[in-house]
Amino acid sequence: MRSTASVLHLDLDAFFAAVEQRDKPSLRGKPVIVGGTGGRGVVSTASYEARRYGVGSAMSGREARARCPHAAFLSGRFHAYRATSRLVMEVLRDLSPLVEPLSLDEAFVDLAAADLPDLEVATVTEVGERLRARVHEVTGGLTATVGIASSKFLAKVASELDKPDGMTVVPPGTELDLLRPMNVHVIPGVGPATAERLRRAGIHTIAELELVTQDELVRLLGQAQGHGLWQLARAQDSRPVVAEREAKSVSVEGTYDSDITDRRLMEGLLTRQAREVGTRLRKSGLSGRTVTIKVRLHDFTTLSRSSTLSSPTDDGGSIGRIARSLLGDLDTTGGVRLLGVGVSGLADWVQEDLFGETADEEEVEVVLPEPPRRTWPPGADVVHDDLGPGWVWGSGAGVVTVRFETAETPPGPVRSFRADDPALHRFEPPSDD
Ligand SMILES: [Mg+2]
């Protein structure tokens, strides 16, 4: 913990959904759900309008549809999210050379390394407000929530307090007053399972956690997490903001002597592996946002598929659900000889790297071929030879319906075409990463 509020955490609000609403004017102010479009998919991000119906990250598409049937369900456009993220990270790097991105929509910034006259509360407050305005400007209207405090932990907690489109500065010396009444789940790394274990021990708030001895916590949660939580309950966190993060992941995989062809068996194996990944994450006090499956086919082709959530998880059940849904996208009819599940994009809320497991990528990864260009996933960008740019509003029974609008136009008209209309094209800018 520093003596100044000089760690800034910026979090873009409902990022994927916000990019969609920016680029699709007819969806502004309406419930938008990215992910969960297929029968077995899961929700990646829900707009605030959809969250009001109880839709959240990692929920199954089926449940999201039951809760908010009138929402626009879109498949993700990662090229647009990456491009927008890059603009935001540039703004942060203009402010300070020490920027630590946690994901596409989240980063820490070290204000002590910025060129500021001082680090008084009034000064950093003004810096935070100017930064939020600048992010709004360069992203074409997206909002960010900012937390500024004396450590990464407190900055992250602070950025959750005034969401969306807000800011909280924690004056040095007031950290414990802020933390004590809060539920233990605000501590990053305390997922549902850890919170449940603490609840059963009668610990709900950080004030209650603070009363537990370090030995007791270690007995309850294991060495790494017990020690880490004991420190965080006292607002003790001296982790530096580091510009380059090592890509970390926790994964479990198995190889099989004979090819597995039974889909239900594959799902069962992935479920078991996901549970183990969840256990390892919790043991290390980690949680992550990107779930990846690895599948080696009978002909030794190795495929991987991943899905990114808007908030980190360490819950084996959620990881398993995502893993099974990712498997649903792959053709495994010839049988598989290896299956694996991993979680990356980790928040290392416990400093020690006690888990010795990293994703081992010695195999040559074969990226799945692009989906055929004549498919029309909801939300995808298209261009019509005469009518210009738009997006897929829906498709089925040989018909595709397009709304013709962009970030720069007012809400546009809807037109339907035959799915094989030669004048209609998918549009995706070439990937540069
Ligand atoms: Mg966010």
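This is a predicted model: local features need pLDDT of at least 70, side-chain atom pairs count only at pLDDT 80 or more; totals for chains, interfaces and linings use all residues.
Biologist: Okay, so at what angle do helix H1 and helix H4 pack?

Modeller: Helix H1, residues 15-23, meets helix H4, residues 78-95, at about 100°, and their axes are 10 Å apart. H1 and H4 are therefore roughly perpendicular to each other.

Biologist: Which residues make the contact?

Modeller: From H1 you have Phe15, Phe16, Val19 and Asp23, while H4 brings in Ala80, Tyr81 and Thr84. Sort the contact of H1 with H4 by class and you get 5 nonpolar, 1 polar and 1 charged residues.

Biologist: Now the sheet. In what order do the strands run?

Modeller: Read across it and you find E3-E2-E4, 3 strands in an open sheet with mixed pairing.

Biologist: Which strands stand at the edges?

Modeller: Strand E3 (43-46) and strand E4 (72-74) do; each has a single partner strand, so one side of each is left without a neighbour in the sheet. Ignoring direction, neighbouring strands here are turned by 25° against each other on average.

Biologist: In what sense do E2 and E4 pair, parallel or antiparallel?

Modeller: Strand E2, residues 32-35, pairs with E4 in the parallel sense, over 3 bridges. To find your place there, look for Val34, which stands opposite Leu74 in E4.

Biologist: And which strands does H1 touch?

Modeller: H1 packs on the sheet and touches E2, E3 and E4. Compare directions, and H1 makes about 120° with E2.

Methods: Residues are numbered from 1 along each chain as its sequence is written. Axes are lines fitted to C-alpha atoms, for helices over the stretch in contact, and angles run from 0 to 180 degrees between N-to-C directions. Helices (H or I, at least four residues) and strands (E, at least two) are DSSP runs, numbered from the N terminus. Angles under 35 degrees count as roughly parallel, over 145 as roughly antiparallel, 65 to 115 as roughly perpendicular and the rest as oblique. Two residues are in contact if their C-beta atoms, placed from the backbone, lie within 7 Å. Ala, Val, Leu, Ile, Met, Phe, Trp, Tyr, Cys and Pro count as nonpolar, Asp, Glu, Lys and Arg as charged, and the others, Gly among them, as polar. Two strands pair if DSSP finds at least two bridges between them.
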